[in-house]
Amino acid sequence: MNIPKIPIGQGVEWIEDWLMTYFGPVFSFIHMIIGGMVTGIETALTFLPAIVLTIVIAALAYWIGKWRMALFAVVGLLLIDNLGLWAPSMQSLALVLTASVLAVLIGVPVGVLCAQSKTVQNIVTPVLDFMQTMPAFVYLLPAVSFFSLGVVPGVIASIIFAIPPTIRLTNLGIRQVSEELVEAADAFGSTPGQKLFKLQLPIAMPTIMAGINQTIMLSLSMVVISSMIGAQGVGAYVYRAVSQAKTGAGFEAGIAIVIIAILLDRLTQKLFKTKQQN
Amino acid sequence: MAIIEVKQLTKVFGNDAGRALPLLEQGWSKEKIAREAKLTVGVNKAEFSIGEGEIFVIMGLSGSGKSTLVRLLNRLIEPTGGQVLFKGKDVVQMSSEELRTFRRKNIGMVFQKFGLFPHRSVLANAEYGLEVQGVDKKERTRRAMEALELVGLKGWENHRPDQLSGGMQQRVGLARGLANDPDILLMDEAFSALDPLIRKDMQQELLELQARVKKTIVFITHDLDEALRIGDRIALMKDGVIVQIGTPEEILIQPANKYVERFVEDVDLSKVLTAAHVMRQPEMIRPERGPRVALQLMRDSGVSSLYVASNEMKLQGVVTADDASRALKENLSILEVMQREIPRVRPETLLNDLFELMSATHLPVAVVDENDRLKGIVIKGAVLSALAGNAVPEGGTQA
């Protein structure tokens with residue numbers, strides 16, 4: 001028996017073409033916004049000399065996490081500068097921050113919708129599973145055809161890859177608010193909006209922040225993959241070192257990513273904890 | 001006047017729950033509906049009305065539907081059928097906007113596990129109901145502070161709920177419920193999570209508070225002692241059905257069926273029944289009568305002592321047969337021979353508190369009101385008989 005191959009591939013390409021034909025202007029608009037954001041953040045980060053920005057970040061680290069964090073920030077950032085990776089590191093950071101901000105702006109509302117409607121949750125959950133398990137390389141391709149080469153498809157790919165934890169944990173955090181508290185809010189005549197902003201989001205905040213932290217980490221892990229489609233930054237250094245089998249250069253660039261990762265992780269975690277204690 | 005009137009109020013859980021209504025109408029049991037229609041009957045055709053200023057207790061074991069019933073009153077749970085009339089207006093038919101206004105203005109709620117918002121201060125918790133109404137900051141702080149003061153939490157307003165003990169947390173819950181100045185306060189097992197001693201204090205305080213603020217309170221509990229202590233009337237629930245509604249005394253003395261009887265059989269009657277329940281009509285004599293009349297009266301009614309009371313029933317003392325004989329012999333008036341030092345109690349005195357007094361005297365105990373007017377007397381036999389569970393004659397008429 002000879003069952004013909006199901007044309008999934010053709011179908012996807014047909015959809016891709018169709019979107020390109022009818023939604024071209026939308027993609028251009030998105031391209032403009034994201035490109036602008038990345039450039040803006042990058043300009044802001046490289047506007048100050050490395051040493052000044054190091055001091056600013058160290059001060060922030062001291063304010064949030066006391067002197068050990070500050071010391072790590074100073075040593076780590078100076079090391080990045082010393083390795084000659086400052087500018088590409090800031091490019092990567094701009095990509096990560098853009099992707100994270102957009103992921104949070106999209107992810108938290110989607111998470112809220114999931115928490116409020118079982119139907120939405122049932123639709124969104126498999127989509128998230130799909131996004132997380134589909135190898136990231138695969139959606140680099142449509143990202144390139146919609147947004148051409150460069151940093152923008154990198155941001156898009158990063159958002160797709162990194163957004164699930166924010167959605168999932170926002171949903172979880174809100175669903176975990178105890179039944180009795182929700183009843184209390186209802187019993188005093190709260191509108192759904194009041195219930196959300198006065199009760200559910202504040203109580204879910206620790207869980208949501210854990211999701212946001214994960215999102216930032218995941219989008220950072222995308223910088224190397226994004227470099228394959230032309231996103232500039234320290235990821236490109238890793239990619240180049242790998243393709244040229246230069247262990248030393250690859251290791252240096254890798255260390256820069258690790259330092260940024262640790263700083264982002266600790267700062268976002270601690271930032272939230274200090275906020276909670278107040 | 002009834003502030004809440006509940007008619008045929010029914011809640012069935014499950015898919016397409018409305019189809020259970022005709023089945024209930026046909027008299028299907030809860031078990032049969034569960035078995036054949038795969039639906040769970042939570043509350044089955046509840047009917048009652050609550051008067052303004054009344055403390056109405058809904059009591060039942062867990063699973064009896066009492067928590068569901070109270071949530072039907074403010075529609076935290078949507079009723080499947082029936083009516084909840086608040087001052088004549090059907091809550092069940094209200095639009096979501098009307099319902100919100102009803103919840104904001106007319107009905108407050110206190111929760112079993114307090115339901116306090118952990119991220120808000122005590123004051124901000126108490127303010128919550130006013131805040132969602134859009135009352136401005138100054139006004140709502142003033143009213144929330146008043147409510148906190150009312151429950152004895154002045155000085156704690158800037159603490160977090162988790163810094164407070166259980167009893168104090170529930171006071172915050174109470175203050176939050178009272179701050180909106182609602183007509184009705186729903187209290188769902190409000191004291192069940194508290195230690196027994198604190199619980200008793202809170203019950204007492206609730207009664208005192210109620211005397212001051214005169215709210216209508218619907219109080220849910222699984223504890224009979226609590227129900228008897230605070231309820232003006234009690235509705236007893238079993239399997240979603242209200243099996244009896246009555247005053248605490250009615251429920252104890254005339255249980256409507258075996259279920260209620262079993263429920264109340266372990267109750268320590270001495271802590272429920274009062275002097276008013278067991279007192280009987282005393283044999284009396286006016287102070288201006290002579291000793292000869294007194295002796296004649298005693299002989300006629302077969303008693304050995306008479307209570308001396310003036311025109312307005314004001315208790316003067318007691319005269320025994322010996323006293324009367326002495327008066328006759330020595331030519332004295334009743335007022336001169338009667339014993340003025342007699343044990344007296346108020347009608348609301350619990351039997352439990354009568355024991356000591358009764359064991360110290362050979363005379364019956366006089367029951368008097370706040371103006372010292374004689375209402376009745378309590379003899380030992382009547383107390384023992386009441387404690388043995390024998391019905392007490394209504395209003396303490398002549399035994």
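Reply: A salt bridge here is a side-chain nitrogen of Lys or Arg within 4 Å of a carboxyl oxygen of Asp or Glu. This is a predicted model, in which local features need pLDDT of at least 70 and side-chain atom pairs count only at pLDDT 80 or more, while totals for chains, interfaces and linings use all residues. Residues are numbered from 1 along each chain as its sequence is written, chains are lettered from A and ligands numbered from 1 in the order in which they are written, and side-chain values use heavy atoms, with hydrogens and water left out.

Between chain B and chain A there are two salt bridges. In one of them, Lys198(A) is joined to Glu131(B), with the closest N and O atoms 2.6 Å apart. Eleven residue pairs between chain B and chain A are in polar contact, both residues being at pLDDT 80 or more. A polar contact is a pair of N or O atoms within 3.5 Å; within protein, one must be able to donate a hydrogen and the other to accept it, and residues adjacent in sequence count only if both atoms are side-chain atoms.

Which elements of chain B supply at least two residues each to the side that touches chain A? They are helix 4 (96–105), strand 6 (107–110), helix 5 (122–133) and helix 7 (166–179). Helix 5 of chain B gives the most, with four residues. Helices (H or I, at least four residues) and strands (E, at least two) are DSSP runs numbered from the N terminus. Sorted by class, this side of chain B has ten nonpolar, eight polar and eight charged residues. Ala, Val, Leu, Ile, Met, Phe, Trp, Tyr, Cys and Pro count as nonpolar, Asp, Glu, Lys and Arg as charged, and the others, Gly among them, as polar.

Overall, 26 residues of chain B are in contact (heavy atoms within 4.5 Å) with 17 residues of chain A. About 1,800 Å² is buried between the two chains, and carbon and sulfur atoms give 60% of that. Buried area is the accessible area (1.4 Å probe) that two parts lose on being put together, summed over both.

Now the partner. Chain A has eleven helices and zero strands. Its C-alpha trace spans about 65 × 60 × 40 Å along the principal axes.

On chain B, an unreviewed UniProt entry lists residues 28–264 as "domain: ABC transporter"; UniProt positions are in the numbering used here, feature names are shortened, and annotations may be inferred rather than shown by experiment. Over residues 28–264 chain B is 44% helix and 22% strand, with the end C-alpha atoms 28 Å apart.

Chain B also has paired strands, where pairing means that DSSP finds at least two bridges between two strands. Strand 1 (residues 2–13) of chain B runs antiparallel to strand 4 (residues 81–86), joined by five bridges. Lys7(B) has Gln83(B) in strand 4 as its bridge partner. Strand 4 of chain B also pairs in the antiparallel sense with strand 5 (residues 89–90), over two bridges, and there Leu85(B) stands opposite Asp90(B). The hairpin of strands 4 and 5 of chain B has two residues between the strands, and Lys87(B) takes a positive phi near 45° in this hairpin.
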